[in-house]
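The following note is meant for a colleague who is new to this structure.

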Amino acid sequence: MKPYFVLLSVLFASNTFLRAWQLWMGVPDPVAVSYAADVVCFALCLRVSHALAFDRQPLTRPQSRLIYFATMIAGIVSILLRVWGPQMGVPAVGGAGLIDVGLWGLSYVLFAVPAVLYDQWLKTGVKPGQG
């Protein structure tokens, strides 16, 4: 999990920079709230990934489930804003093509995976990849 943590850290830094840049350039309010929620959820998932990589258990099962549910809900909201934002009155922010939306949603899945694995670790007592 240490290499995954390093790669997730790079993805976190690039996603945070991208969202901060777009907020600086100006985005509609619903998109700004979505971006803020993304950064918070991604930071929590990065914390869980750190716990997995370095054998720590700072969270309980309900907390880890809340983190991955919140991340996936933030992803769904963000994708809905990307795809159907113009129909809902929100100006288009990014591409709404199938590949654009797929790549946009992939980051949410990549960030949620450590929280799911952490929850499984707490449930079974067996660290992922070791049993």
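**Cavity and helix packing**

1. A cavity here is a set of points on a 1 Å grid over the protein atoms alone where a 1.4 Å probe fits but cannot get out. The model is predicted: local features need pLDDT of at least 70, side-chain atom pairs count only at pLDDT 80 or more, and totals for chains, interfaces and linings use all residues. Residues are numbered from 1 along each chain as its sequence is written, and side-chain values use heavy atoms, with hydrogens and water left out.

2. The volume of the largest cavity is about 110 Å³. Among the residues lining the largest cavity are Val-31, Tyr-35, Arg-82 and Trp-104; lining residues have an atom within 4 Å of a point. Both α2 and α3 give two or more residues to this lining.

3. By class, the lining of the largest cavity comprises 8 nonpolar, 3 polar and 1 charged residues.

4. Helix α2 (residues 29-53) packs against helix α3 (residues 61-84) at an angle of about 150 degrees, and their axes lie 9 Å apart. α2 and α3 are therefore roughly antiparallel, a term for angles over 145 degrees.

5. In the contact (heavy atoms within 4.5 Å), residues of α2 including Pro-30, Phe-42 and Val-48 meet residues of α3 including Ile-67, Ala-74 and Leu-81. The residues of this contact divide into 11 nonpolar, 3 polar and 1 charged.

How values were computed. Axes are lines fitted to C-alpha atoms, for helices over the stretch in contact, and angles run from 0 to 180 degrees between N-to-C directions. Helices (H or I, at least four residues) and strands (E, at least two) are DSSP runs, numbered from the N terminus. Angles under 35 degrees count as roughly parallel, over 145 as roughly antiparallel, 65 to 115 as roughly perpendicular and the rest as oblique. Ala, Val, Leu, Ile, Met, Phe, Trp, Tyr, Cys and Pro count as nonpolar, Asp, Glu, Lys and Arg as charged, and the others, Gly among them, as polar. On a 1 Å grid over the protein atoms alone, a cavity is a set of points where a 1.4 Å probe fits but cannot get out, and a pocket is an open set with protein on both sides within 12 Å along at least five of seven lines; lining residues have an atom within 4 Å of a point. Grid points are joined across faces, edges and corners, and a volume is the space filled by probe spheres set on the points.
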